[in-house]
Amino acid sequence: MLEGLEIAEIKLSICENIIDFRIDANTYKKEYLASENTINKFKTQTIGSISVFVQNFGAYSLCNDIRFVDEGIPFLMTQNVRQNYIDWNSLRYVDSESHKMLYKSHCKRNYLLITMAGEYLGRVAVYNKDFVCSSNQAIAKVRLKENVNPYFVSTFLNTKFGQNQINRFKTITGQPNINMSLIKELVVPVIPQSIESQISNWVKKSETLSDKAKSLYSSAETYLLECLGMTEFAANPDAYNIKTLKKSFLETGRFDAEYYLPKYEDYCRLVQSYTNGYEPLSNACNIKDINYTPEAGVRYKYIELANIGKSGEITGCDIQDGENLPTRARRIVHQGDVIVSSIEGSLDSCALVTDDYEGALCSTGFYVLQSSKLNPETLLTLFKSLPIQQLMKKGCSGTILTAISKPELEKLPVPIIRQEVQDQIARHVQRSFTLRKEAMKLLENAKVTVEQAIEIGGGNLLIFNKLQNTILQEERHAAWLLLTEIGVLPETEDENKTVKAYKKLSDSFLSSGRLDAEYYHPKYDYLFSHLNRFATSTIGKLTDIRKSIEPGSDAYREIGVPFIRVSDLSKFGLSDTTIHLNAEDYHDVIRPQKDTILLSKDGSVGIAYKVDEPLDIITSGAILHLSLKSSDVLPDYLTLVLNSPVVRLQAERDAGGSIIQHWKPSEIENVVVPVLPMPVQREITRKIQDSFRLRKESKELLNEAKRKVEMTIERAI
C-alpha cells in the first residue's frame, strides 16, 4: 500500500545548515540526499565563490517599459536558453533605448546564463557571441572569474547532480523559481583539469558543428529558391484584391478577404511557372492520415509540436505506455516521412523523420507526407520555403485555432524539382542532420563525462467522404441562395466596381463613439446598402436574449451537468466536455430548449447553433440564449443568417479593436437581419435540415465502423 512512498529522518540541525532553512519534504528526497553525498566526496566550491557577480535586471515593472521591435538588439527569453546551448531561432528584439535601460541584463561572451523561473527553470548555457544582447528578468547572468572554465560549470549544472541541486532548492509555487542568492550557493566539484579541458573542447566543437549544420540547411533552401527563380522574388504588397463573389465563394467556399490577397496569387503563379512543372499536392504526395490506436502496455515515442526544431529536426519526444498517451497521439510515422504542422502560427514546424523515430507516434495536429516524386529532404525543404509557407497560410481557416484543412492542403501546387537538383538538396540536408546529431552527441558526452567523473570517482470511409462532399454542397447552396436573394451576390457583377466611403467626425465619432478606422471600412457601408433593399429587423426585435453564468473554475467537477464553453460550440453542434457542474447548486440556471439558438459573444464571436431538443446542459456566460418571439423568421433560417457574412461582418465591426473580442449584448440587439419571404426561408430550412441529416448519418457511419473494429477485437480475445 505504501509502494512508491519514501521517508527520510533528518535532524533539525541539518535543516538549519541548509542554504535556506527548509523543512519541506521535497528538500530531503532520497535522490537529492544521495546526490549531495556523492558531490561532497570531492573538494567543492560555490557559484558565488568562483564568480565576479550574479545578476538580472530585477524589477518586473520594467517589462512594461520594454519596446519590442522587428529589428534591433537581440533579447533572449527563457525558452532561448537550452541545456548547454542557446537557441538563436525565434528571437525577439528591443530598441536601443530599452537596451540601455536594461543594462543589468546585458550578456557578454563567456557569461553563464541560468533560467530562474517557469517551465524552463534550471537550464544553463554559456553565452558564446561577441555581440551584446539583452535578456529577460528570469535569466540570471553569471560572470565567472578568469581562471574558471564556463563550459565545464555549465555542463555540470545540466547534469543530474546540478539539476538535483536546483530542483531541491527551488520554490515550489504556482510558478517554480530559484532566486539569485540560492544560485550563488550551488556547489560545483573540483575535478582534474584534463577532464575540464576535454569537456570544454567537446562543447565548443558542438557549437561549431551546429553552426555549420544551420549553414548547410540554409544553403539547401537558397539553392532551391535559385532553381525556382525566386531569389529576387517579391510578392505584391497590396492589401486588397478585386474578385467577383461568384468567382470566389462558389469556387472555394471562402468569403474572407485574406484568402484572396494578391501576394498569394503571385506565389501561386510563381510555383506554377516552374520549368519542370508542378502538380497539386494530392498527386505529388501521399497524405498518411489513417488513425493508429496505441496498444496498452506498449511503450511509444510520442512527437508533438514542441519537439520540432527550426531546421526541420525532431529535438526529442515523450516516451509513454500506449494507454497513457493523449488522444491526439494517433499518427504513426516511419523513416523518410515528413511531418508538417497544420496550425497557423506554427506552419514552419516541419520535420524529417529519421531512423531514431521509426514507428513513433505524432500528434494529429501534423500532416504526415510521403512522395514518390520528391525525396524526403526536398519535400522538407519545400515545406519550409517561403512560397509554400505563404500558400499554406492562405489556406488556413477557423476561429480561435486556425489551421489548414486537408482539402486546402491537397490543392497546394508543388513544383516537381529536377532529380539532379533533388539529389544535391538531399546531400546538403543529410549532411546537416549528420552534423547536428554529432553536435548533440558531443554535448551528451560532455555531460556524461562529468557524471562519470563524479560517480566513479475502407468501404464505409468512401461513403463517409461522399456524404461530406454532399454536406459541403448543401451548405454552400444554402448560403448561396440566401446571399443571392438579398443581393450580396448579384446575378451580374461589375468586376471593376469598388466601394469607397468617406466619414466626417460628426458622422462617425459623435454618432457611434468609435474612432477606429476599421469600424468605418467601406465593406460595412456596402453591406448595409444592400440590406436596405429588403425588409429587415433586428435580433432584439426577433428574439429574447438571455445570458447564462460564469461559475469559475472552482466549481468544475468531473461529474454532474455538462458545462459548455465557447470552445465546445460550433455552427454544427456541441462537442463533448469533460467539465461539469453540481446539479443542485445550479438547478435554476437556464437550459437550452427546443429551437433555442446559442450565440457566442466573447472570444470567437458570432458562432450560432440551433438546439433541436431540450438539453440538460449549462452554458458559460460567453454564450447567449436566443429564443424566437416573432413569427417573421424560421429558427433554422435565422441561425444560418447569424452564421453568414451578413452578421459576421457586423460582429467583426462591433467586436473589433481588442486582443480578445467582446460583442456586447446591446450591440447584438441592434444587429440587422434580412427578413426574406417565407417560401425562401422554407427552402433554406429544407437544405439546412438535409445537411444536418447527412452530417448525422456520416457520424453514425463512423461510430459503426469503430464499433465494428472493437467487436472484432473483443471476439478474438
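Buried means under 20% relative accessible area, exposed over 50%, and partly exposed in between (1.4 Å probe, protein chains only). Helices (H or I, at least four residues) and strands (E, at least two) are DSSP runs, numbered from the N terminus.

This is a predicted model: local features need pLDDT of at least 70, side-chain atom pairs count only at pLDDT 80 or more, and totals for chains, interfaces and linings use all residues. Residues are numbered from 1 along each chain as its sequence is written, and side-chain values use heavy atoms, leaving out hydrogens and water.

Helix α12 spans residues 376-383, and seven of its eight residues are buried. Among them are Glu377, Leu380 and Phe383.

Four strands form an open sheet in the order β24-β32-β29-β30, with antiparallel pairing. Two strands pair if DSSP finds at least two bridges between them. The edge strands, β24 (543-547) and β30 (608-610), each pair on one side only. Strand β29 (residues 597-600) pairs with β30 over three bridges. There, Leu599 has Ala608 as its bridge partner. Helix α20 (residues 635-643) packs on the sheet and touches β24, β29, β30 and β32. Contact means heavy atoms within 4.5 Å. The directions of α20 and β30 make about 165°. Axes are lines fitted to C-alpha atoms, for helices over the stretch in contact, and angles run from 0 to 180 degrees between N-to-C directions.

**Two positive phi values.** Most residues other than glycine have a negative phi. Asn110 and Asp595 have a positive one.
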